[in-house]
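Trainee: Please show me the chain and take me through it by question and answer.

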Amino acid sequence: MATAPDTQIPYLERHPEAGGPVERVPILKVPFTIGRSEDADHTIYSSKVSKEHLVILRSGDRYAVRDLESTNGTFVNGSRTTDRVLADGDIIHVAHVEFCFRHSSAPSHAVRPADEKSVERTQLIVAEQPGSLIRGTELLREMIDRETVEVVYQPIVDLRTRAVVAYEALARGTHPELSRSPATLLALAEQCGVVIELSRLFARKAVSYCGRLPSGTKVFVNMHADELKRPDLLESLSALRALAPSDHQVVLEIAEASVTDVVAMAENKEAFTTLGLEFAYDDFGAGQARLVELTDIPPDYLKIDKAVIQGIEAAAPRREMVGALLRVVRRLGVRVIAEGVETELVAGICQELGCDLGQGYLFGRPT
């Protein structure tokens, strides 16, 4: 095994497929080539690797990877690439071999987002993920096969009567070697190519357990955006609906940012109705609010993101904006849910603006 290079010299951590120590490969010169050829700067003896597979280049303090028209491709963080600037911690796949790029002066994943909350969230995800995507995939498949997840439910109440009318199901990981956070798990699953399987596991568990909820309450279940594109969507949703007790209506939560195709969403809505499912646009207002999709394909529910709701008592322009939006939405027959409600003052404002339902710590934590 190569000795550990100086921290100022970039290097590749080569992660073995099964056990064994991690090998450090210093990048002592650029261009730095990887391939099956003996003339490569780092040789991988595998028929799956092209003779000249990729090259690592440098421009100033920045390093980049370039695929050399290899047969099986070069992948960075799970996505096939031809040219890509590398950040510290990027995962590079050359066929079945995995490397982690390391360089102290390279841009880091933890500082890419612009806002402080995004930085904290990204740091958490990077810190909690396994260092190897190969190992991460193994652990995720183990989690899916063994169904090592638990589900908690947060109440959704009628703002007028304060009666609990529904619950949102929130999954938590219980695998001893993986994070509990669903956001972290789904981010890792996206890189490892198993996000659909994990999302569907969360949904199955949520619906399977909802018989414990009070009779007549609805259960809101999150869907990953990629599921909307799957050819087996109807089959999967039909099986999900069959798991639910007859006295619990299932409501599918779809992030509003993922609704980009009006025609496809219209077909999905028709399918949901046929299967006896309702749906909600989730996190509305968190990003680019898709007003065309909202008005052309109105959901059963619209969930106003907590980033819009929290602090609304001190933001008159925001209240006016939300109120104007809700006047249009309510004419479409859409019921509106305010997320992140933590005080009676905010609950009252949301009701005055036209929100029908509320969700947040004021009404109950996920349990």
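This is a predicted model: local features need pLDDT of at least 70, side-chain atom pairs count only at pLDDT 80 or more; totals for chains, interfaces and linings use all residues.

Mentor: Residues are numbered from 1 along each chain as its sequence is written, and side-chain values use heavy atoms, with hydrogens and water left out.

Trainee: What share of the residues of the chain count as buried?

Mentor: Buried means under 20% relative accessible area, exposed over 50%, and partly exposed in between (1.4 Å probe, protein chains only). The chain has 367 residues, and the buried share is 48%.

Trainee: How far apart are the end C-alpha atoms of helix H6?

Mentor: Helices (H or I, at least four residues) and strands (E, at least two) are DSSP runs, numbered from the N terminus. The expected span is 1.5 Å times one less than the number of residues. For the 13 residues of H6, 262-274, that gives 18 Å, and the end C-alpha atoms agree, being apart by 18 Å.

Trainee: Within what arc do the buried residues of H6 fall?

Mentor: Met265, Asn268, Ala271 and Phe272 are the buried residues of H6. The arc is taken from the directions from the helix axis to the C-beta atoms. Seen down the axis, these residues line one face of the helix, because they fall within an arc of 115°.

Trainee: Which elements do the buried residues of H6 pack against?

Mentor: Val263, Glu267, Glu270, Thr273 and Thr274 are exposed on the other side of H6. Contact means heavy atoms within 4.5 Å. The buried residues pack against helix H5 (233-243), strand S15 (250-255) and strand S16 (278-284).

Trainee: Which residues have the most contacts inside the largest nonpolar core?

Mentor: A nonpolar core is a set of buried Ala, Val, Leu, Ile, Met, Phe, Trp, Tyr and Cys residues joined through side-chain atoms within 4.5 Å. The largest has 51 residues, and those with the most contacts inside it are Leu252, Phe272 and Ile304.

Trainee: Which side chain makes a polar contact with the side chain of Asp41?

Mentor: Asp41 sits in the loop between strand S3 (32-35) and strand S4 (42-43), and counts as partly exposed because its relative accessibility is 32%. A polar contact is a pair of N or O atoms within 3.5 Å; within protein, one must be able to donate a hydrogen and the other to accept it, and residues adjacent in sequence count only if both atoms are side-chain atoms. At 3.0 Å, the partner side chain is that of Lys29.
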